[in-house]
There are 2 protein chains.
Amino acid sequence: MSLASRNEDVRSLHARESGPCTVQLRSPYLIYFGNVPDAGHAKTGLGLIQWRRENCAGQFRSAGCQVDGGLADMSIADAAAAGVGSLVIGVASEGGSIPDSWVGDLAEAARAGLDVVSGMHVRLSDFPEIEAAARASGARLIDVRTPPRRLPVGTGEKRSGRRILTVGTDCAVGKKYTALALEREMRARGLNADFRATGQTGIMIAGSGIPLDCVVSDFLSGAAELLSPAAADDHWDVIEGQGALSHPSFAGVSLGLLHGSQPDALVLCHDPSREVLLGTGGGREFPILPVDEAMAQCLSFARRVNPAARFVGLSVNTSMLADNERQALLDRYERETGLPAVDPIKDGAGLIVDKILSKTGV
Amino acid sequence: MSLASRNEDVRSLHARESGPCTVQLRSPYLIYFGNVPDAGHAKTGLGLIQWRRENCAGQFRSAGCQVDGGLADMSIADAAAAGVGSLVIGVASEGGSIPDSWVGDLAEAARAGLDVVSGMHVRLSDFPEIEAAARASGARLIDVRTPPRRLPVGTGEKRSGRRILTVGTDCAVGKKYTALALEREMRARGLNADFRATGQTGIMIAGSGIPLDCVVSDFLSGAAELLSPAAADDHWDVIEGQGALSHPSFAGVSLGLLHGSQPDALVLCHDPSREVLLGTGGGREFPILPVDEAMAQCLSFARRVNPAARFVGLSVNTSMLADNERQALLDRYERETGLPAVDPIKDGAGLIVDKILSKTGV
């Protein structure tokens, strides 16, 4: 499209804008585990309990459920009586659909006035029973995969406040976990820090965010700009990265997020046990980039929007390594990059926060 | 989202796929100029006549129209009698809407059985009079800004056939024009070449394509893969580029398109009179990258998906320069890059096609 018509877009989009542009969930939550067969399918709910225990009032488990999140078991009537704000589906189903066996529970929750929050592909409102229950009670049906409707085109204009972005050498290398660990550590030190979610699980944990991979591509960097708005000079947004610049399936999302985030500090997430990109193979395998190349690639784009951008650490998945191998590998990364290298699951994110506060990096 | 659920997506999307994924227009066309006040607002229609004169049966102009595309004037009844397939809106309106004064004409065309083709922001079907007319006759209402519904995630898998992609140092630097000029020159030499459109004007000219900036970002490279499917070994797709990797508003689109296109040959489009990116300014200006830097940036990503990717020429907008300055500048670019540098409006694209066929480049 022409720039003139794009700019018209931007103006008209801003003009039509109203209300908060990001999802906002109502806590406390009832975590819905349904009849989930194993913890692998309950990652969303377990992650929410791990990172936002204080927002979780209870769990709902039906016959056959093989997961226990350690919360009080509650019926939907219990939850409504206890003032629970939302039922959050904490389970992934095969195919991203909502199985028939859940529909009655979700409708009951909506009828009782609880918002129902879903990260599934199908929309809650496509189920007439759930839709009717929500309409009757005024409860909201929140599909966190649905991006806000009125997004602006990115401007590249510098915003106040400071930003950390986690980036990766691949998908699924700990970008969300690392951002959450950084937020927790920074808050523990009394810093003013907020995790900013860009995927559906992150949005459920944070209670707000924008599902970046669902955004229309013209508005990618605009959505990222909106996600971390201008803030106080001492405020840190800790932004959940997506994909990888080197991943031929998702690099566009990664680049739009990088540009829109204007990061002051970047953390590279990496899994040394992986040789080729996830989702590639079968004669068309893409090698994982070496960490120095991945960092240089990210920095060249980050500095376009923030000349002060620097890397402040590596977040390394060492779960496949013995303890002695583990430390040797982290030491090698530290020597090679001059940056702290930690596995946040085992080491926490303290060394990276030290580096952020030292205002140094590479 | 997790890779597992992404891959589920891909499978289910492929499974649900049916019918052509790209827009397909029905020619010949009646070009609708309405009451357009100047040629600047009629670029779509004039471009369609310039590049696909053989598909244009006539033009429709109402009182006050200040543009003449050089076609026979036709009423809608004339067009229907002459077997016209589609009325194509060749005009941009302020704000991207469809003015009241057009609605009766468009409904009349739909009632007469002509498909109606629009690149406006609003949807044709949002106008009850047009919608009812189309339903009655069976005519299609085609909004070329609406992307196909079932797009796959990109795979990075190598496809047969050859591909040229035009890239740029900015938006609106001739990427569409250059691709069309290359297609025309290649076809004139008897080569098997097809222009592949990624924006709405390009789609109207080509009669098919995918509006890449309207695609959900997770499917960017998948859409680009779909746009230039596997083809005969001697076939060339000439793909219309979008945006620029260096543009903080649109780089995500550019990168998804670059990855999905797997270009064998790249042409850099550049406007030497421009100092900062279009749409940036007001204290936040982004300098245009030097051509060597822009080329290196594109190549580093293009070679991820096609190690043989090379640049084969520069397409330079010299409209602001006197003739002697013009040639001196093109000569300088040729010396500096080792590639043919042409202004396709003045010089055609022949030198770049020579370079493509020589199988050399940088």
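Six strands of chain B form an open sheet in this predicted model. The order is β8-β10-β7-β11-β12-β13, and the pairing is parallel. Look at the edges. β8 (192-196) and β13 (341-342) of chain B each have a single partner strand, so one side of each is left without a neighbour in the sheet.

Take β8(B). Its partner is β10 (residues 235-239) of chain B. Five bridges join these two strands, and they run parallel. For one pair to find on screen, R196(B) stands opposite I239(B) in β10(B).

Now the helix. α6 (residues 175-188) of chain B lies across β7 (162-168), β8, β10, β11 (265-270) and β12 (310-316) of chain B. Against β8(B), helix α6(B) runs at about 160 degrees.

Next, strand β2 (residues 29-34) of chain B. How many of its six residues are buried? Six of the six are, so β2(B) is largely enclosed by the rest of the structure. In a regular strand, side chains alternate between the two faces of the sheet. Here both faces are covered. Y29(B), I31(B) and F33(B) are buried on one side. L30(B), Y32(B) and G34(B) are buried on the other.

What does β2(B) pair with? Five bridges join β2(B) to β3 (residues 56-61) of chain B, in parallel. Y29(B) stands opposite C56(B) in β3(B). Between these strands, the chain passes through helix α2 (residues 43-51) of chain B, and this β-α-β crossover is right-handed. β2(B) also pairs with β4 (residues 86-89) of chain B. That pairing is parallel too, with four bridges. In β4(B), I89(B) is the bridge partner of Y32(B).

How values were computed
Residues numbered from 1 in each chain as written. Chains lettered and ligands numbered in written order. Predicted model: local features only at pLDDT ≥ 70, side-chain atom pairs only at ≥ 80, totals over all residues. Heavy atoms only, no water. Pairing = 2+ DSSP bridges. Contact = heavy atoms within 4.5 Å. Axes fitted to C-alpha atoms, helices over the stretch in contact; angles between N-to-C directions. Buried < 20%, exposed > 50% of the residue type's maximum accessible area, 1.4 Å probe, protein only. Right-handed = clockwise from strand over helix to strand, strands pointing away.
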